[in-house]
Amino acid sequence: MRTVRILLPRAQDTHSLGVALARSLHPGDVLVLSGDLGAGKTTFTQGLGEGLGVRGPVTSPTFVIARTYPPRLPAGLALIHVDAYRLAGALELDDLDLDAEVAQSVTVVEWGSGLADRLSEERLGVTLTVDAATEARTAVLSLHLDPARADEVAATVLALGGEPC
Ligand SMILES: Nc1ncnc2c1ncn2[C@@H]1O[C@H](COP(=O)(O)OP(=O)(O)O)[C@@H](O)[C@H]1O
Ligand SMILES: [Mg+2]
């Protein structure tokens, strides 16, 4: 599994990471976002939505468990935004009964942290952190993808100034 890290000094950098990653995503991809409240999960997802070209605006799915943003163009991918905060820890994506939709879309699941391992074998983990002392923000991407795709996604992050870790 490849892991890459990137520093995100400004909110715009978190947004841009989402925009850039959107270009290397395929139908059926699942991104698992971890990070405390305020770490930038929604900012990142808004970037993804922009990169995918979905009909927005993408907002925090606070009052619904999952929201689907359809693509603006017929050839585009929909974005499914799932908020798993309030669900049981052992929940699997299967339990949401989104299978058919997930296969044709890009799915982002927001978790608090650490609950995501059994969600999907092929997935991109995105962990957003804010250093308590310096407030420096970092994203760590864990690319549970086949090697060719992991290389492609890693290259996208390296091109933005990221580094292997
Ligand atoms: N890399 C960053 N640097 C500085 N501020 C950021 C960064 N990423 C996001 N923010 C800001 O932090 C706040 C919380 O971001 P948000 O995406 O709502 O977090 P979450 O969804 O994880 O709770 C927003 O005001 C956002 O603009
Ligand atoms: Mg949020």
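Guide: Two strands pair if DSSP finds at least two bridges between them. Five bridges join β2 to β5, so the two count as paired under that rule, and they run parallel. Helices (H or I, at least four residues) and strands (E, at least two) are DSSP runs, numbered from the N terminus.

Visitor: What kind of model is this, and how are residues numbered?

Guide: The model is predicted: local features need pLDDT of at least 70 and side-chain atom pairs count only at pLDDT 80 or more, while totals for chains, interfaces and linings use all residues. Residues are numbered from 1 along each chain as its sequence is written, with chains lettered from A and ligands numbered from 1 in the order in which they are written.

Visitor: Which elements does the chain have, and in what pattern?

Guide: There are four helices and eight strands, following β-α-β-α-β-β-α-β-β-β-α-β along the sequence.

Visitor: What lies between β6 and β7?

Guide: The two form a hairpin with six residues between them, and E135 in the turn has a positive phi of about 60°.

Visitor: Why is β4 called largely enclosed?

Guide: A residue is buried if 20 or more other C-beta atoms, placed from the backbone, lie within 10 Å of its own, exposed if 12 or fewer, and partly exposed in between. Five of the six residues of β4 are buried, so the rest of the structure largely encloses that strand. β6 is mostly covered, with six of its eight residues buried. Over the chain of 165 residues, 39% count as buried.

Visitor: How do you know whether S60 is buried, exposed or partly exposed?

Guide: S60 has 14 C-beta neighbours inside 10 Å, so it counts as partly exposed. S60 sits in the loop between α2 (41–52) and β3 (66–69).

Visitor: Which residues have the most contacts inside the largest nonpolar core?

Guide: Such a core is a set of buried Ala, Val, Leu, Ile, Met, Phe, Trp, Tyr and Cys residues joined through C-beta atoms within 7 Å. The largest has 36 residues, and L33, L79, V109 and V126 have the most contacts inside it. Elements giving two or more residues include α1 (11–22), β4 (78–83), β5 (105–111) and α4 (147–159). Leaving out residues up to four places away in sequence, L79 touches L48, G49, L52, V54, Y69, S105, V106 and V108, a contact being C-beta atoms within 7 Å.

Visitor: Which residues come nearest to ligand 1?

Guide: A residue is near a molecule if its C-beta atom lies within 6 Å of it. The shell has 15 residues, and A11, G40, K41, T42 and T43 come nearest. α1 and α2 each supply at least two residues of this shell.

Technical notes. Contact = placed C-beta atoms within 7 Å.
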